[in-house]
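These are my notebook entries on one protein chain. I set out to look up a helix and then the aromatic rings.

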Amino acid sequence: MLQEPPAVAALHVDMRLPMAASTTPGLQSQPPVLLLHGWASASAYWEPLAAELLDAGRSVWIVDLPGYHRGDALPPGFQWTLDSAAASVAAIAARDTSPVHIVGHSMGGSVALTLAAAYPELVASVALIGMVPAPPNDAFKSMLESQLGQGFIDDATRAKCMKAWFGALPTEDERLLSRGFELPFEVLGPSGLAAMAGVAADVPEKVTAPTLVIAGVGDRLRSLDQAEAFVAASPMRRLVAIPNAGHSVHWEQPHACAVALGAFWDKSRQPSA
């Protein structure tokens, strides 16, 4: 019996075209870059990297994962899993006439790998920021289970997560970047469980697209050793370690992140037939 495909949620996507694309030869043919955020994260944290990519002539699509766009509701019967999130993003990726670049941070990286494994025809490359497949983090698992029991994310947990993800922040940045915690718990809870479980063991081996891992040297959630071990397991994978950055490299070091992505895309681009 064929397995029924996961339910798909209509996603909000902010599509941005660089100013130079209409006048610079070759830029029009480059695939767009889809940015997938992490758990309890607001897509606004992509802004520094998006600006760098647009300046480099890349089209950028900033995607809000199921239920993460303010005011959106999940469709009836939708179950938040990596598979259902990947299927929802696949519907966005399919809007382009050619395969797209997928960039995922943290949980968004798990969605990216799941998408690339299930829909290889849609994916030109995968980039994982602050994420490689690894066993569930015991501290995160314990935290999430306690929050599931009470049915909301409390202020202490929110502060602990923000510190682990971003370190010390100015007040305005703290307000902006913590907006993801204001989402309904029926989104945060199930998506948190999906983040905690991570990708199935066989998913990375099904990914045929070139894969880049961008690791912050100071990342407290995914160590450089974990990133190196993941990359060493396949010749299709590359690693760029960025100093003076932790879990959120795209926010902390957007220029270095953009340079690493651009070099990876240029090197992995297939020549025209």
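Entry one: helix α3. I worked with a predicted model. I compared the span of helix α3 (residues 107-118) with expectation: at 1.5 Å a residue, its twelve residues should span 16 Å, and the end C-alpha atoms are 17 Å apart, which agrees.

I then asked how many of the twelve residues of α3 are buried. Eleven of them are, so the helix is largely enclosed by the rest of the structure. Buried here means under 20% relative accessible area. Among the buried residues I noted Met-107, Val-111, Leu-113 and Leu-115. What covers them includes β2 (33-36), α2 (82-93), β4 (100-105), β5 (123-129), α7 (185-197) and α8 (203-206).

I found six aromatic pairs in the structure. The ring centres of Trp-39 and Phe-181 are 5.9 Å apart and their planes stand at 85°, so I recorded this pair as edge-to-face. Trp-39 lies in the loop between β2 and α1 (47-55), and Phe-181 in the loop between α6 (171-177) and α7, so the pair ties together parts 142 residues apart in sequence. Trp-39 counts as buried because its relative accessibility is 4%; Phe-181, at 8%, counts as buried too.

Tyr-45 and Phe-166 also form an edge-to-face pair, with 6.4 Å from centre to centre and 65° between the planes. Tyr-45 is in the loop between β2 and α1, while Phe-166 is in helix α5 (residues 155-166), 121 residues apart. I noted both Tyr-45 and Phe-166 as buried.

Ring pairs link Trp-39, Trp-165 and Phe-181 into a cluster. I also saw that the charged end of Arg-237 sits over the ring of Phe-230, 4.0 Å from its centre.

Conventions: Residues are numbered from 1 along each chain as its sequence is written. This is a predicted model: local features need pLDDT of at least 70, side-chain atom pairs count only at pLDDT 80 or more; totals for chains, interfaces and linings use all residues. Side-chain values use heavy atoms; hydrogens and water are left out. Helices (H or I, at least four residues) and strands (E, at least two) are DSSP runs, numbered from the N terminus. The expected span of a helix is 1.5 Å times one less than its number of residues. Buried means under 20% relative accessible area, exposed over 50%, partly exposed in between (1.4 Å probe, protein chains only). Contact means heavy atoms within 4.5 Å. Rings of Phe, Tyr and Trp (its six-membered ring) pair if their centres lie within 6.5 Å; planes under 30 degrees apart count as stacked, over 60 as edge-to-face and the rest as tilted. A charge sits over a ring if NZ of Lys or CZ of Arg is within 6 Å of the ring centre and within 35 degrees of the ring normal.
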